[in-house]
Amino acid sequence: MPCQVGITTRVDQRKLEWERKVVGLRDWQVVGPYTSREAAQAAEDRYAAQYGCYANHGGADARGSWYVYFFRYDRKR
């Protein structure tokens with residue numbers, strides 16, 4: 001079963017975005033907050049390597065606390 005890991009400052013909105021992109025989203029987990037994007041990015045990299053998940057670096061820089069999210073899903077739409 002595929003899994004995805006990423007970082008965000010807007011957890012609830014990001015989950016809604018992923019619910020539109022994948023089928024069978026489950027096991028949604030959030031870790032944080034992290035005080036910087038760099039710290040969150042390092043954690044994302046660790047989780048992706050540990051669990052074998054997809055992860056994409058990128059996105060706009062933002063203010064606020066950063067969080068790492070993780071979930072499993074059946075397939076992409």
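## Ala48 and its contacts

Ala48 is in contact with Val5, Cys53 and Ala55, leaving aside its neighbours within four places in sequence. Contact means heavy atoms within 4.5 Å. Ala48 lies in helix α2. Helices (H or I, at least four residues) and strands (E, at least two) are DSSP runs, numbered from the N terminus. At 12% relative accessibility, Ala48 counts as buried. Buried means under 20% relative accessible area, exposed over 50%, and partly exposed in between (1.4 Å probe, protein chains only). Ala48 and Arg10 are 38 residues apart in sequence, and their C-alpha atoms are 20 Å apart in space.

## The model and its confidence

This is a predicted model, where local features need pLDDT of at least 70, side-chain atom pairs count only at pLDDT 80 or more, and totals for chains, interfaces and linings use all residues. Residues are numbered from 1 along each chain as its sequence is written, and side-chain values use heavy atoms, with hydrogens and water left out.

The pLDDT is the predictor's confidence in each residue, from 0 to 100. The chain averages 94, and 100% of the residues score at least 70. Confidence is lowest in helix α2, residues 37-51, at a mean of 95. It is highest in strand β2, residues 22-23, at 98.

## Helix α2

How far apart are the end C-alpha atoms of α2? They are 21 Å apart, which agrees with the 21 Å that 15 residues should span at 1.5 Å a residue. The expected span of a helix is 1.5 Å times one less than its number of residues.

Arg37, Ala40, Gln41, Ala43, Glu44 and Ala48 are buried in α2. They cover an arc of only 160 degrees around the axis, so they sit on the same side of α2. The arc is that of the directions from the helix axis to the C-beta atoms. An α-helix has 3.6 residues a turn, so residues three or four places apart point the same way. The face turned away from the buried side of α2 carries the exposed residues Glu38, Arg46, Ala49 and Gln50. The cover over the buried residues of α2 includes β1 (3-8), β3 (26-34) and β4 (66-72). Just after α2, Gly52 takes a positive phi of about 70 degrees.

Arg37 is found in α2. It counts as buried because its relative accessibility is 18%. Not counting residues up to four places away in sequence, Arg37 touches Ile7, Gly58, Gly59, Ala60, Asp61 and Trp66.

## Helix α1

Which residues of α1 are buried? They are Val11, Arg14 and Trp18. Seen down the axis of α1, they fall within an arc of 65 degrees, so they line one face of the helix. The face turned away from that buried side carries the exposed residues Asp12 and Arg20. The cover over the buried residues of α1 includes β1, β2, β3 and β4.

## The largest pocket

The largest pocket has a volume of about 320 Å³. It is lined by 20 residues, and the closest to its centre are Ile7, Thr8, Arg14, Gly58 and Gly59. The elements that give two or more residues to the lining are β1, α1 (11-21), α2 and β4. β1 gives the most, with 5 residues.

On a 1 Å grid over the protein atoms alone, a pocket is an open set of points where a 1.4 Å probe fits, with protein on both sides within 12 Å along at least five of seven lines. Lining residues have an atom within 4 Å of a point. Grid points are joined across faces, edges and corners, and a volume is the space filled by probe spheres set on the points.

## Two loop residues

Gly59 is in the loop between α2 and β4. At 68% relative accessibility, Gly59 counts as exposed. Gly59 and Gly24 are 35 residues apart along the chain, and their C-alpha atoms are separated by 24 Å.

Thr9 lies in the loop between β1 and α1. At 27% relative accessibility, Thr9 counts as partly exposed. Leaving aside its neighbours within four places in sequence, Thr9 is in contact with Ala62, Arg63, Gly64, Ser65 and Trp66.

Pro33 is found in strand β3. The peptide bond from Gly32 to Pro33 is cis, with omega near 10 degrees. Asp27 is also found in strand β3. Asp27 is not a glycine, yet it has a positive phi of about 60 degrees. At 40% relative accessibility, Asp27 counts as partly exposed.
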